[in-house]
Amino acid sequence: MFILKSTSPRRIQILTDLGFLFQVEPANIDESQKFKEPALQYLERMVHSKLGNNGNLNHLYLAADTIVVFQNEILHKPTDLEDSVRILKTLSGKKHSVFSGGGLQAGSNVDFFFEETIIEFKNWSEVEIRDYILRCQPFDKAGSYGIQDENGPVATKFGSYTNVMGFPLRSFLARSSVWLPFWEKSFKRKD
């Protein structure tokens, strides 16, 4: 069985579009960043924390997390409207990095991977920022935006679109030797 340790609608949609049958079993973890914890170290710790101690050899577990990094600082999900405004004003007209990390666990083996996409924002006024927030409600997204949002803040991207949506798809696909047996099992069950 293939088990996704996330309730992210975007991750669920990507995996569904790929034809996976999977069960969603989210992990309830503390996502607080440790003092002076580097961004990629935090990302890997979150992925491993979401995986937990799953050791069923008949299951494949997938966990993922996404962070937005600007000037070596992680811009987490906004806490409220004003925090969302602050984050988007900080990023307005500038470039930042989006890192999505994933972890595949089969038995005791864990394979951690990540991708980076560089995003450049439009130069937005506060009125445009507030309009976007009210229209798109990006409160569940790292960096307070979604690349898929219509008339959103993204001007250009350098790298993977699905990575910014929250899933390092290219790196996941490159690990087909790990997940393919589980995909084939779920595909056969579907027939």
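Does Asp-65 count as buried or exposed, and at what relative accessibility? I looked this up first. Asp-65 has 7% relative accessibility, so it counts as buried (buried is under 20% relative accessible area, exposed over 50%, partly exposed in between, with a 1.4 Å probe and protein chains only).

Ground rules for my notes. The model is predicted: local features need pLDDT of at least 70, side-chain atom pairs count only at pLDDT 80 or more, and totals for chains, interfaces and linings use all residues. Residues are numbered from 1 along each chain as its sequence is written, and side-chain values use heavy atoms, with hydrogens and water left out.

**Asp-65**

I checked the record. UniProt, in an unreviewed entry, puts the feature "active site" at Asp-65; such annotations may be inferred rather than shown by experiment, the feature names are shortened, and positions follow the numbering used here. I found Asp-65 in strand β3 (strands are DSSP runs of E, at least two residues, numbered from the N terminus).

I listed contacts (heavy atoms within 4.5 Å), leaving aside neighbours within four places in sequence. Among them are Arg-11, Glu-31, Tyr-42, Lys-50 and Phe-99.

**Strand β5**

I moved on to β5, residues 95-106. Of its 12 residues, 10 are buried, so the rest of the structure largely encloses this strand. β3 (residues 60-70) pairs with β5 in the antiparallel sense over 10 bridges (pairing takes at least two DSSP bridges). There, Leu-60 stands opposite Ala-106. β5 also pairs antiparallel with β6 (residues 109-121), over 12 bridges.

Terms used: Helix = DSSP H or I, 4+ residues; strand = E, 2+ residues; numbered from the N terminus.
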